[in-house]
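The following exercises are to be worked with the sequence and the structure at hand. Each task is followed by a solution in steps.

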Number of protein chains: 2
Amino acid sequence: MDNFTFSNPTKIIFGSGTENLVGKEASAYGKNILLHYGGGSIKRTGLYDRVVKSLKDAGLSIIELPGVKPNPRLSLVREGIEICRKQNIDFVLAVGGGSSIDSAKAIAMGTLYDGDVWDIFIGKHTPTKALPVGTVLTIPAAGSEASTASVITNEDGWYKIGFNSEIIYPRFSILNPELAFTVPKYQAACGAADIMAHLMERYFTKTKNVELTDRMIEAVMKTIINNIPKVLKEPRNYDAWAEIMWGGTIAHNNLLNTGRTGDWGSHAIEHEISAIYDVPHGAGLAVVFPAWMKYVYKTDLERFCQFAARVWNVDQSFFSPEDTVIEGISRFESFLSSIGLPVTLKQLGVTSDRLEEMADKATGGDRYTIGEFVRLKKSDVLNILNLANK
Amino acid sequence: MDNFTFSNPTKIIFGSGTENLVGKEASAYGKNILLHYGGGSIKRTGLYDRVVKSLKDAGLSIIELPGVKPNPRLSLVREGIEICRKQNIDFVLAVGGGSSIDSAKAIAMGTLYDGDVWDIFIGKHTPTKALPVGTVLTIPAAGSEASTASVITNEDGWYKIGFNSEIIYPRFSILNPELAFTVPKYQAACGAADIMAHLMERYFTKTKNVELTDRMIEAVMKTIINNIPKVLKEPRNYDAWAEIMWGGTIAHNNLLNTGRTGDWGSHAIEHEISAIYDVPHGAGLAVVFPAWMKYVYKTDLERFCQFAARVWNVDQSFFSPEDTVIEGISRFESFLSSIGLPVTLKQLGVTSDRLEEMADKATGGDRYTIGEFVRLKKSDVLNILNLANK
């Protein structure tokens with residue numbers, strides 16, 4: 001286990017009806033709220049009305065900025081920053097999924113930085129302050145509700161880049177599993193793939209002696225695997241959504257990477273796919289991760305055996321560990337298919353003509369490698385994309 | 001899963017050599033430090049010198065209050081409060097195990113309360129503020145380094161009472177597994193029993209649909225079970241101590257009781273034993289918990305089956321769940337014995353003449369019940385003590 005520092009101050013307010021507490025919670029941080037969300041879905045479900053009522057009941061002023069799209073865009077972030085400055089916004093509230101939250105975090109940092117917010121994402125500026133952010137989560141997936149991360153897409157060149165800092169841990173996040181009842185099935189499945197990916201990026205590590213976090217990651221993975229089929233069958237299954245929602249937060253709140261270095265190669269590859277093709281992040285991950293596994297498993301058969309045996313209940317073949325691993329990866333792929341996700345680039349709608357471009361972008365024109373478990377050069381990324389291109 | 005609120009702001013600084021960061025961390029909170037610890041062990045190991053050097057290098061003034069004993073005493077807490085008031089202490093640093101930390105937390109609350117600190121423990125006063133507390137942990141056991149709890153023993157009548165509040169979450173806790181290398185074997189085993197008990201108190205719940213936290217608790221239990229024999233064999237096994245130390249913190253930092261109500265009956269019974277006999281808390285728990293299990297398992301065979309199968313790898317007897325449960329409890333008892341712990345009151349040095357007194361005290365003279373999984377009256381407590389009195 002490596003040395004580490006861990007502190008996650010995000011206050012989680014979990015359960016039925018908790019969105020009605022948002023005004024009380026937000027009022028601890030300011031008077032002028034930027035209410036940031038996507039489109040009409042929160043209006044259709046009545047969530048918008050409940051949030052606005054709660055904020056108004058707490059005496060707060062609201063400025064709205066809707067229009068967040070999946071793979072949230074830099075242009076809207078810039079718009080939000082303008083508004084925050086002009087309207088003296090002192091608290092940014094995201095209502096939605098990871099896209100709204102990531103966008104809100106970027107706005108919160110950008111408002112207090114004199115330069116252009118994109119500087120933060122390309123490493124030209126490291127911010128030390130941000131407006132406080134809160135969230136009302138509507139879909140378990142990105143884990144942004146208790147994470148240090150924000151991922152933004154620059155439409156000018158379609159670059160999708162993530163930034164991490166403790167200054168953007170949300171101050172509070174409201175998690176009501178009921179809000180997920182209306183999530184479309186495909187989106188729910190994509191969310192599960194995203195959660196699984198966050199767990200697997202952490203799980204596949206070169207750090208030795210990480211039994212506790214290994215076992216805890218496995219615990220969350222098994223819970224997601226058990227519960228996502230339930231909500232696909234019964235979208236109003238509160239108990240199953242509750243497991244997925246809390247699991248999705250824990251998957252990405254930095255507890256499960258304490259003392260270990262994750263991989264994040266598959267995320268980097270997927271970012272190139274969804275930046276160009278604008279596919280759901282989770283769907284892209286469902287395609288990339290099994291291909292990545294097939295490409296790298298021989299570098300650490302033991303870890304992949306453990307994954308297969310403990311997570312996928314493969315009856316371990318002690319005399320041929322590779323058989324165990326292959327069966328584990330196969331069960332993972334079958335699981336993804338069974339919940340309606342693509343497992344090939346073709347199913348995802350990605351054609352083979354831009355694979356090299358993506359491999360090139362992912363590795364900065366082969367100037368650097370991606371991934372820690374295995375360091376991938378451009379040629380490795382291309383091989384993985386070709387494996388995914390069945 | 002029940003609705004819940006969760007936030008644990010304690011900053012964990014984990015790993016080799018991290019005690020040398022204590023001055024830097026403490027200096028964020030004040031200038032005048034109360035350095036609170038037990039006896040000579042931290043001087044013998046050199047830890048005392050390193051801590052003092054780090055504090056002085058950070059320009060901090062130190063007032064010392066040593067003398068904390070296991071089952072920390074109210075009289076020393078009162079002494080600490082006097083010192084804090086007279087010397088304008090603004091930060092309390094505990095160096096040691098759960099006793100030093102619990103004592104520090106009580107001092108931190110008592111200093112800012114005009115009345116007698118014992119009022120807080122007997123429910124006469126609910127504090128809303130406390131001096132900030134930090135810790136340098138020397139033994140994984142109590143979990144107090146990231147918990148809301150403080151347990152104090154009043155020598156006047158030997159009452160041992162716990163109090164919980166978010167105001168006593170330590171601001172930071174320094175966890176260096178190397179500091180546990182010199183823990184005597186019996187104390188290490190008692191620590192493991194304490195950690196297991198924290199996990200089991202949370203695990204045995206009547207709350208339904210708690211798969212995620214069930215699995216995570218099991219993950220920590222298995223890690224403790226796997227690693228404590230290693231450190232008993234090799235006291236300087238850093239990796240095994242690291243698993244135990246981080247596991248011991250997670251066992252009690254309130255993450256694993258999110259959305260569920262724990263039991264805590266066994267803790268209440270054990271408090272009566274250690275208040276009178278001054279035995280290590282963990283040793284008392286090793287005696288009480290198996291007896292409690294034998295007394296209550298029939299009320300929820302399914303949960304006890306899950307415990308036996310998942311934690312103790314019992315090959316489940318599908319046609320006789322009770323056999324599975326009994327085997328699970330038996331393996332738990334064997335585990336405790338194998339690490340050198342008592343499993344009967346006799347082994348613990350407790351005679352049978354005061355069982356009724358303890359049952360009476362635990363239930364306030366049979367005026368209230370203890371435990372949530374099963375509510376125990378005085379007669380139940382006596383039955384459990386008799387079961388432990390083999």
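**Exercise 1.** What pLDDT does chain A average?

Solution. This is a predicted model, in which local features need pLDDT of at least 70, side-chain atom pairs count only at pLDDT 80 or more, and totals for chains, interfaces and linings use all residues. Residues are numbered from 1 along each chain as its sequence is written, while chains are lettered from A and ligands numbered from 1 in the order in which they are written. pLDDT is the predictor's confidence in each residue, from 0 to 100. Chain A averages 97, and 100% of the residues score at least 70. The model has an ipTM of 0.96 and a pTM of 0.97.

**Exercise 2.** Determine how the two chains meet.

Solution. Next, inspect the strands, which are DSSP runs of E with at least two residues, numbered from the N terminus. β1(A) pairs with β1 (residues 4-14) of chain B in the antiparallel sense, over seven bridges; pairing requires at least two DSSP bridges. A:Phe4 stands opposite B:Phe14 in β1(B).

**Exercise 3.** Is helix α5 of chain B covered or exposed?

Solution. A residue is buried if 20 or more other C-beta atoms, placed from the backbone, lie within 10 Å of its own. By this criterion 14 of the 14 residues of α5(B) are buried, and the helix is mostly covered.

Note on methods. Buried ≥ 20, exposed ≤ 12 C-beta atoms within 10 Å, placed from the backbone. Helix = DSSP H or I, 4+ residues; strand = E, 2+ residues; numbered from the N terminus.
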